[in-house]
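Please read the following briefing alongside the sequence and the model. It begins with a single side chain and then widens to the fold, the core, the salt bridges and the strand pairing.

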Amino acid sequence: MNVHSAWDMDKLARTLKRYQLKKILGAKKVSDFSILIWRKPENERPRNASYVILKYRDDNGDIVTTETAYENGKFWYFYSDGSVGEVNEKVILGWDYFPYNEDLPRI
């Protein structure tokens, strides 16, 4: 198989994935939706000094998603008054990069 035909097969596979996702989700364009893959912090950590979406249980037991920073092995909240607080990892259900992040695989 030459280089061009391998590239063509890869392009065809990506096109087929986009078509299947659009059909399943009922979307007209791939840009109409984002898929987050929640990663457990005990299994995988974000890149240092990055912003991520965090899913966790709040004090009432509700599942909440919010943006947080990850730096030096810790997740950090940024409050509206400008203060910062460390996230208790016991309540974290998962994290993922924002959909526009370059660390995400492309479909």
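Does D96 count as buried or exposed? At 1% relative accessibility, D96 counts as buried, where buried means under 20% relative accessible area, exposed means over 50%, and partly exposed covers the range in between (1.4 Å probe, protein chains only). The model is predicted, so that local features need pLDDT of at least 70 and side-chain atom pairs count only at pLDDT 80 or more, while totals for chains, interfaces and linings use all residues. Residues are numbered from 1 along each chain as its sequence is written, and side-chain values use heavy atoms, with hydrogens and water left out.

**Overall fold**

- The chain has one helix and five strands, these being DSSP runs numbered from the N terminus (helices are H or I with at least four residues, strands are E with at least two).
- In sequence order, the elements follow the pattern α-β-β-β-β-β.
- Of the 107 residues in the chain, 24% are buried.
- Among contacts (heavy atoms within 4.5 Å) with a separation of 6 or more, 48% are between residues 24 or more positions apart.
- The accessible surface of the chain, computed by the Shrake-Rupley method with a 1.4 Å probe, comes to about 8,000 Å², and carbon and sulfur atoms account for 53% of that surface.

**Nonpolar core**

- The largest nonpolar core has 10 residues, namely V52, L54, Y56, Y70, F75, Y77, V87, I92, W95 and Y97; such a core is a set of buried Ala, Val, Leu, Ile, Met, Phe, Trp, Tyr and Cys residues joined through side-chain atoms within 4.5 Å.
- Two or more residues of this core come from each of β1 (50-57), β3 (74-78) and β5 (92-97).
- In soluble globular proteins, nonpolar side chains tend to be buried together.
- One member of the core, V52, lies in strand β1 and is buried, with a relative accessible area of 0%.
- Leaving aside residues up to four places away in sequence, V52 touches P46, T66, E67, T68, F75, W95, D96, Y97 and F98.
- V52 and Y70 are 18 residues apart in sequence, and their C-alpha atoms are 7.2 Å apart in space.

**D96 and its polar partners**

- D96 is found in strand β5, and a polar atom of its side chain lies 2.8 Å from the backbone nitrogen of I37.
- The side chains of D96 and R39 meet in a salt bridge at 3.1 Å, N to O, a salt bridge being a side-chain nitrogen of Lys or Arg within 4 Å of a carboxyl oxygen of Asp or Glu.
- Because D96 lies in strand β5 and R39 in the loop between α1 and β1, the pair ties together parts that are 57 residues apart in sequence.
- Both D96 and R39 are buried, and a network of salt bridges links R39, E44 and D96.

**Other salt bridges**

- The structure holds five salt bridges, including one between R45 and E89, whose closest N and O atoms are 3.0 Å apart.
- This pair links distant parts of the chain, with R45 in the loop between α1 and β1 and E89 in the loop between β4 (84-86) and β5, 44 residues apart.
- R45 counts as partly exposed at 35% relative accessibility, and E89 counts as partly exposed at 32%.
- D10 forms a salt bridge with R14, with 2.5 Å between the closest N and O atoms.
- Because D10 and R14 are four residues apart in helix α1 (residues 3-25), they are separated by about one helical turn.
- D10 is partly exposed, with a relative accessible area of 40%, and R14 is partly exposed, with a relative accessible area of 26%.

**Strand β3 and its neighbours**

- Strand β2 (residues 63-71) and β3 run antiparallel and are joined by three bridges, the criterion for pairing being at least two DSSP bridges between the strands.
- In the hairpin of β2 and β3, which has two residues between the strands, N72 takes a positive phi near 55 degrees.
- β3 and β4 also pair in the antiparallel sense, over three bridges, and in their hairpin, with five residues between the strands, G82 takes a positive phi near 95 degrees.
- W76 in β3 is the bridge partner of A69, and W76 also stands opposite E86 in β4.
- The covered face of β3 carries F75 and Y77, whereas K74, W76 and F78 are on the uncovered one.

Terms used: A polar contact is a pair of N or O atoms within 3.5 Å; within protein, one must be able to donate a hydrogen and the other to accept it, and residues adjacent in sequence count only if both atoms are side-chain atoms.
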